[in-house]
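Colleague: Please take a close look at one part of this model, the aromatic cluster, and at what surrounds it.

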Amino acid sequence: MALNVRVLLGKLQGCRPILAANQTARCLSQAASQPEPCAEENESVNPTFENRNPRNLEQMALAVKDRGWKTVWPHREFYHRLEFIRTKNHVTASVFSSSSPVPVLTCSTKEWALKRDLHSTGCVAGCQAVGEVLAHRCHQAGITRMLYRAIPWTYRSDAVQSFRTALKEGGITLSEPRRKYIGN
């Protein structure tokens with residue numbers, strides 16, 4: 001039986017059909033020839049490309065911005081929007097995405113990590129600390145540009161100005177690029 005298998009393997013491999021009794025089938029194996037790559041296959045582009053980074057179009061300013069109604073305030077034409085709320089006791093800043101009503105990032109003087117280092121949680125120093133921490137969290141999340149439209153009558157206060165400068169010094173740009181339109 002073993003001799004018949006050797007003879008059969010010899011015929012399949014293109015070797016001589018009759019084998020010696022001490023030869024094994026292992027010594028008959030040959031390396032498979034590698035097919036040469038076709039130049040057209042290397043240069044072709046996959047027709048079913050899937051973008052696995054959903055924020056890629058936002059960063060290139062190609063993603064669609066929801067315009068909404070012009071009479072609605074705050075406007076909806078943004079990728080990320082910054083909301084700054086200052087009450088008598090606390091300061092809160094939130095970053096919202098255009099696709100979700102839930103904030104992407106938040107920072108507040110209600111957090112113990114900020115509250116323990118501040119003398120007063122509603123003062124100018126609290127606003128500056130919230131701006132610094134929010135800028136750091138935005139960089140960790142990969143958000144470097146967002147829309148911030150302050151309410152006009154609160155824009156001139158020292159607290160809002162210190163919040164804005166802390167964000168700008170942290171590397172956050174408080175405006176977004178205009179959407180680019182690509183024609184066919």
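Modeller: Both Tyr-148 and Phe-163 are buried, where buried means under 20% relative accessible area, exposed over 50% and partly exposed in between, with a 1.4 Å probe and protein chains only. Phe-84 is buried as well.

Some ground rules. This is a predicted model, so local features need pLDDT of at least 70 and side-chain atom pairs count only at pLDDT 80 or more, while totals for chains, interfaces and linings use all residues. Residues are numbered from 1 along each chain as its sequence is written, and side-chain values use heavy atoms, with hydrogens and water left out.

Now the rings. Rings of Phe, Tyr and Trp (its six-membered ring) pair if their centres lie within 6.5 Å; planes under 30 degrees apart are stacked, over 60 edge-to-face, the rest tilted. The count is two aromatic pairs. Phe-84 and Phe-163 have ring centres 4.2 Å apart and planes at 20°, so they are stacked. Phe-84 sits in strand E1 and Phe-163 in helix H6, 79 residues apart. Helices (H or I, at least four residues) and strands (E, at least two) are DSSP runs, numbered from the N terminus. Tyr-148 and Phe-163 have centres 6.3 Å apart and planes at 65°, so this pair is edge-to-face. Tyr-148 lies in the loop between H5 and H6, 15 residues from Phe-163. Ring pairs link Phe-84, Tyr-148 and Phe-163 into a cluster.

Next, the neighbours of Phe-163. Leaving aside those within four places in sequence, Phe-163 is in contact (heavy atoms within 4.5 Å) with residues including Leu-82, Phe-84, Val-130 and Leu-134.

The core comes next. A nonpolar core is a set of buried Ala, Val, Leu, Ile, Met, Phe, Trp, Tyr and Cys residues joined through side-chain atoms within 4.5 Å. The largest one has 24 residues; Leu-82, Leu-134 and Phe-163 touch the most other members. E1 (80-86), E2 (91-97), E3 (103-108), H5 (124-141) and H6 (158-169) each supply at least two residues. H5 gives the largest share, six residues.

Finally, the sheet. Three strands form an open sheet in the order E1-E2-E3, with antiparallel pairing; two strands pair if DSSP finds at least two bridges between them. E1 and E3 are the edge strands. Neighbouring strands are turned by 15° against each other on average, direction ignored. H5 packs on the sheet, touching E1, E2 and E3, with its direction at about 150° to that of E3. H6 lies across E1 and E2, at about 145° to E1. Axes are lines fitted to C-alpha atoms, for helices over the stretch in contact, and angles run from 0 to 180 degrees between N-to-C directions.
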